[in-house]
Every structure is written in C-alpha cells, then in structure tokens.
Amino acid sequence: MTRLYEDDAELYDIAFDWDISDEADWLVERLQATIVLEPGCGGGRMLEALADRGCQVVVFEADMAHFDLARTFDGAVCPINTLLHLSPAELGRHLHRMAQHLEPRTRYLVQVGLVEAGEVPSAGSHWEASRGDTSLRVEWVDEELDLVSGTSRQRSRIEVLSGPRAGEIVEEVHEMTAWTPAAWAAAIAASPFEESATYDGGRKGQWPRVDTTATGGLLWHELHHASPA
Ligand SMILES: C[S@@+](CC[C@H](N)C(=O)[O-])C[C@H]1O[C@@H](n2cnc3c(N)ncnc32)[C@H](O)[C@@H]1O
C-alpha cells in the first residue's frame, strides 16, 4: 500500500476533498438502498456524503478480495477507480465476496476507467486543493500503459504549498490494472453480476448513459446482482 493511503492519508483527503454532493445525490438515486457498503473507502468522503443523505453506511478494515462480514447490504459503491488497485484475479474474488454480501436484485455501482488500444493517453490531472492553512498542488499522471499485460503505471505528486508541512513533496508510483471494454465485459460476465448500465462520470453534473463499449477515465458501471450468491 502506498504512503498516500496510509501515513499521508491526510494529504490524500485534502487533495480529493472536492464537492461530491451532486454525485452523491445521483448515486443515492441509482442505488435505491438503505444500508450501503463501500469497500476501499479511504477517509470515508463518499460514505459521509451518503450518510448525510440518509443511508446507513458500514466501514470495515479488510482486504477487498478477502472479507466476510457475516451480513448483507442492499447496495454498494466503489468510486474513483479504487478497483484498478486489484489484479484481474483479485477483482474476480472481490466480486464474488461482494455478491455474498449483497441482497439479490441490488446494485453495486463501481467507477472504473476503461481504455482502448491506440487511444491517445490523457495528459493526466493537475489541480490545487486546500483545507485550513494547508494548500497543495496535485498531479496525477498515467506514466505507462500496457494493454497486452493489462497494467498501467500512474504517478502522483503532491507538493505542499503552505501549512505545517510546506515545502514537502510526496511522490509515488501506483501499479494499477488497465481494462479495455472487452476485458472488463469478460470479467463481469465471469462474475455473479451483470452490467445493467454504464454512465459517463467525467462530465460535471451529468451522468449520461453510454454504451458498454465506451472508454473513459471515470465510467460508472451499474452492476446488478441478479441471483443469490
Ligand atoms: C483511490 S483510493 C479511493 C478512496 C475512497 N474510495 C475515495 O473515494 O476517496 C483507493 C483506496 O483503496 C484502498 N485499497 C486498495 N487496495 C485495497 C485492498 N486490496 N483492500 C482494501 N482496500 C484497498 C486504499 O487503501 C485506498 O484507500
């Protein structure tokens, strides 16, 4: 696990603390759930937004590919490409674990970017964020993409511009899985879920429905748990 998710989670929380209220409204509408599970919730920014909208939320500490909470939920979310941290085999195990924890006919909304061979790589994301005295300059770039091995290397760089840690730079490399639409469709077909809809989460304030073959960095996949696990 990287420093950004552990010792420097405070910087991650500031860097990713943008307004997610519209997205949380949209998720609550899509989920139609009262008790929601979010695996890989980090500091809990989405869980907090869902709780503000009346959902009961559950936090647990475990590996997303191996957990047993001995209970079920009626919806689940996993935003911002968290599942790209899992290898294809781990994703398969994760989806089986999720199916065990979700009631039949409920939804698991996952945000996972898909990329097609030959696409021009994005220039990455660059933004500034602040909380209290602390302000940050953040860069998150795709450094290498290999669709044959299904891997990508992303680099994050957080420069602390002001506050108690001013002058520090936290730079890390994240080894992630890269999914093409075809590989993702095959992974879902082999899981207990069906993808009932795909939405483009990359357009501010809008979540247009797109084809399951669409590519994009912030696609939301609505996974439908059709049968008891
Ligand atoms: C991109 S962050 C997203 C955090 C949060 N969902 C959000 O929206 O800000 C990915 C999170 O997944 C967690 N994570 C990565 N691999 C994991 C695994 N195998 N089991 C549990 N959590 C994991 C990391 O610790 C980190 O908190």
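1. A nitrogen atom of the ligand sits 2.9 Å from an N or O atom in the side chain of Glu-38. A nitrogen atom of the ligand is also 2.8 Å from a polar backbone atom of Gly-40. Tyr-12 brings a side-chain N or O atom to 2.9 Å from a ligand oxygen. A polar contact here is a pair of N or O atoms within 3.5 Å; within protein, one must be able to donate a hydrogen and the other to accept it, and residues adjacent in sequence count only if both atoms are side-chain atoms.

2. Basis. This is a predicted model: local features need pLDDT of at least 70, side-chain atom pairs count only at pLDDT 80 or more, and totals for chains, interfaces and linings use all residues. Residues are numbered from 1 along each chain as its sequence is written, and side-chain values use heavy atoms, with hydrogens and water left out.

3. The ligand has 16 residues around it; Tyr-12, Glu-38, Gly-40, Arg-45 and Met-64 come nearest. A residue counts as near if one of its heavy atoms lies within 4 Å of the molecule or strand in question. The shell divides into 9 nonpolar, 4 polar and 3 charged residues. Taken alone, the ligand exposes 600 Å², and the protein buries 88% of that. Accessible areas come from the Shrake-Rupley method with a 1.4 Å probe; for residues, only the protein chains shown count as cover.

4. The open sheet. What is the strand order in the open sheet? The 7 strands run E2-E1-E3-E4-E11-E9-E10, with mixed pairing. Strand E2 (56–58) and strand E10 (209–210) are the edges, each pairing on one side only. Strand E9 (residues 193–200) pairs with E11 in the antiparallel sense over 7 bridges. Within that pairing, Glu-194 stands opposite His-224 in E11. Two strands pair if DSSP finds at least two bridges between them. Helices (H or I, at least four residues) and strands (E, at least two) are DSSP runs, numbered from the N terminus.

5. E5 and strand E6 (residues 134–146) run antiparallel, joined by 7 bridges. Ser-125 stands opposite Trp-140 in E6. The hairpin of E5 and E6 has 2 residues between the strands, and Gly-132 there takes a positive phi near 55°. E6 is also joined to strand E7 (residues 151–162), again antiparallel, by 11 bridges. Leu-136 has Val-160 as its bridge partner in E7. The hairpin of E6 and E7 has 4 residues between the strands; Gly-150 takes a positive phi near 70°.

6. Arg-131 pairs with Asp-17 in a salt bridge, the closest N and O atoms being 3.3 Å apart. Arg-131 is in strand E5 (residues 125–131), and Asp-17 is in the loop between helix H1 (9–15) and helix H2 (21–31), 114 residues apart. Arg-131 is partly exposed at 41% relative accessible area, and Asp-17 is partly exposed at 43%. The terms are: buried under 20% relative accessible area, exposed over 50%, partly exposed in between (1.4 Å probe, protein chains only).

7. Glu-222 meets Arg-107 in a salt bridge, the closest N and O atoms being 3.8 Å apart. Glu-222 lies in strand E11 (residues 219–225) and Arg-107 in strand E4 (residues 106–111), so the pair ties together parts 115 residues apart in sequence. Is Glu-222 buried or exposed? Glu-222 is buried, at 3% relative accessibility. Arg-107 is partly exposed, at 23%.

8. Further salt bridges. Glu-144 and Arg-153 form a salt bridge at 3.0 Å, N to O. Glu-144 is partly exposed at 43%, as is Arg-153 at 27%. Salt bridges that share partners join Arg-3, Asp-8, Glu-10, Arg-165 and Glu-168 into one network.

9. His-101. This residue belongs to helix H4 (residues 88–101). His-101 is buried, with 1% relative accessibility. The His-101 side chain reaches the backbone nitrogen of Leu-69 at 2.9 Å.

Note on methods. Salt bridge = Lys/Arg side-chain N within 4 Å of Asp/Glu carboxyl O. Nonpolar A, V, L, I, M, F, W, Y, C, P; charged D, E, K, R; others polar.
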